[in-house]
Amino acid sequence: MSDTGSSSPLASPLFTSSVYTLADLDALDAIYEGESTGFIYARDGHPNAERLNQRLCQVESAGHGMVAGSGMAGLSALILSLVGQGDHVLASEMLYGRTTQMLRQELSRFGVSTTFVDPCDFEQVRVVLESMPRLLLVETMSNPLVRVVDVARLAKLAHAQNCLLIVDNTFATPIGCRPLEQGADFVVESLTKMISGHSDVTLGWIGISPQLKSAEDWAAQIRQVISIWGFSGSPMDSWLTERGMATLELRMNRASDNALSFARWLEQQSGITRVDYPGLSSHPDHEIASRTLHNFGCMMSFELSGGREGVNRLMRAVPEIAFSPSLGNVTTTWSYPAGTSHRYDSPAQRQRQGITDGLIRLSVGIEDVAKIQAWMEKGLKVMDES
Ligand SMILES: *Cc1c(COP(=O)(O)O)cnc(C)c1O
């Protein structure tokens, strides 16, 4: 029944209700049996999550999908749905810090072991896959050096061993890469980042390939895990993310164009010893990125010759770029991997990964790129003088 008579709202309504009313027992049974659509309890599903899910399934070419309360909730729900005691997981050694902790500290408590590999080293991946892991978990683009994986090639290697491939596509977004179209079985997005896009949401999403055998059963299993473990997301966050998605393509294309011209400029500046951006021909994965991505994205990192103190001076000299340890906002922000995402790695581990004390990670926004460049020019000049 509509509350708006013979017209309907153009903008999505927000349904904050935690529970729904039903006419009688038959109406209840019909929903449980899937004979009619409807909602019963918001932790099991609500209209705002469902609307958002349909939009995401469309842009990611997913057969089924489900919204979760955060990117980590999505990853947790998916992995808990796929593994059991004694199972073995193969994971990239360059994953988001909390994902690595989840595998290392949490899943190990339930008898699930993980081997970490370099996902860009196909020979290493091929050999480790012979141990028959249940699943392989990688990120399209790594943090913070933006290493790019070849999803299609990893999917072939994994499937040859009956292993499922999960791709965390957060850094690329579906505008930059659609892993399901390249053979991945599952995709996970932290909607908290570029997809919601305005740093006012915490939400995640899981997508399932329409090609996956028993995709429907997997979807039912994951939905159950989300409800039982309490991984669902709120109507408000879903509503805000649906709104953010209306501009996702515009924002990502602009931010990616900005990032490419800024990276090219930055590479030429003195005081900058390295720029890591897959759109630069100096990046080790430039060829794979050019072949497999629709754009190079908005994430990059660069190294200052002045080390930690240089980073401090630059941040103080450029207050226009906010120091905030997340990414994907409409404005340009920077973060410091050695002090945030990789804080608890040993100095030796950081050194091995190329995360030096002078390394800054930049999430490029949609401002006029001339502005971003002018801010940076001012900052580098101040550093030059000190
Ligand atoms: C932020 C992030 C996550 C976790 O997402 P949350 O929404 O913060 O839980 C997972 N993977 C990557 C690559 C991320 O950047």
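Student: Helices (H or I, at least four residues) and strands (E, at least two) are DSSP runs, numbered from the N terminus; where does that place Pro144?

Tutor: Pro144 is in the loop between strand E4 (135–139) and helix H6 (151–160). The peptide bond from Asn143 to Pro144 is cis, with omega near 0°.

Student: What kind of model is this?

Tutor: It is a predicted model, in which local features need pLDDT of at least 70 and side-chain atom pairs count only at pLDDT 80 or more, while totals for chains, interfaces and linings use all residues. Residues are numbered from 1 along each chain as its sequence is written, and side-chain values use heavy atoms, with hydrogens and water left out.

Student: How many helices and strands does the chain have?

Tutor: The chain has 14 helices and 12 strands. Its radius of gyration, taken over C-alpha atoms, is 22 Å, close to the 21 Å that the globule rule gives for 386 residues, so the chain is as compact as a globular protein of that length. That rule is 2.2 Å times the number of residues to the power 0.38. Along the principal axes, the C-alpha atoms fill a box of roughly 75 × 55 × 35 Å.

Student: What percentage of the residues is buried?

Tutor: Buried residues (under 20% relative accessible area with a 1.4 Å probe, protein chains only; exposed is over 50%, partly exposed in between) make up 54% of the 386 residues. As for contacts (heavy atoms within 4.5 Å), among those between residues at least 6 apart in sequence, 73% join residues at least 24 apart.

Student: Moving to the backbone, what is the phi of Ser61?

Tutor: Ser61 has a positive phi of about 55°, although it is not a glycine. Ser61 belongs to the loop between helix H2 (47–60) and strand E1 (64–68), and it is partly exposed, with a relative accessible area of 28%.

Student: And Thr173, buried or exposed?

Tutor: Thr173 counts as buried, at 0% relative accessibility. Its phi is also positive, near 60°, in a residue other than glycine. Thr173 lies in helix H7 (residues 173–176).

Student: Back to packing. At what angle do H3 and H4 pack?

Tutor: Helix H3 (residues 71–82) and helix H4 (residues 97–106) pack at about 30°, with their axes 11 Å apart. Axes are lines fitted to C-alpha atoms over the stretch in contact, and angles run from 0 to 180 degrees between N-to-C directions. H3 and H4 are therefore roughly parallel (under 35 degrees; over 145 is roughly antiparallel, 65 to 115 roughly perpendicular and the rest oblique). Met72, Leu75, Ser76 and Ile79 of H3 make the contact with Arg98, Thr99, Met102 and Leu103 of H4.

Student: What about H12 and H14?

Tutor: Helix H12 (residues 307–317) and helix H14 (residues 369–385) pack at an angle of about 130°, with axes 9 Å apart, and they are therefore oblique to each other. From H12, Gly310, Arg313, Leu314 and Ala317 meet Met376, Lys378, Gly379, Leu380, Val382 and Met383 in H14.

Student: Last topic: where is Met300?

Tutor: Met300 is in strand E9 (residues 299–304) and counts as buried, at 0% relative accessibility. Leaving aside neighbours within four places in sequence, its contacts include Val146, Phe262, Tyr277, Ile360 and Leu362. The C-alpha atoms of Met300 and Leu90, 210 residues apart along the chain, are separated by 26 Å.
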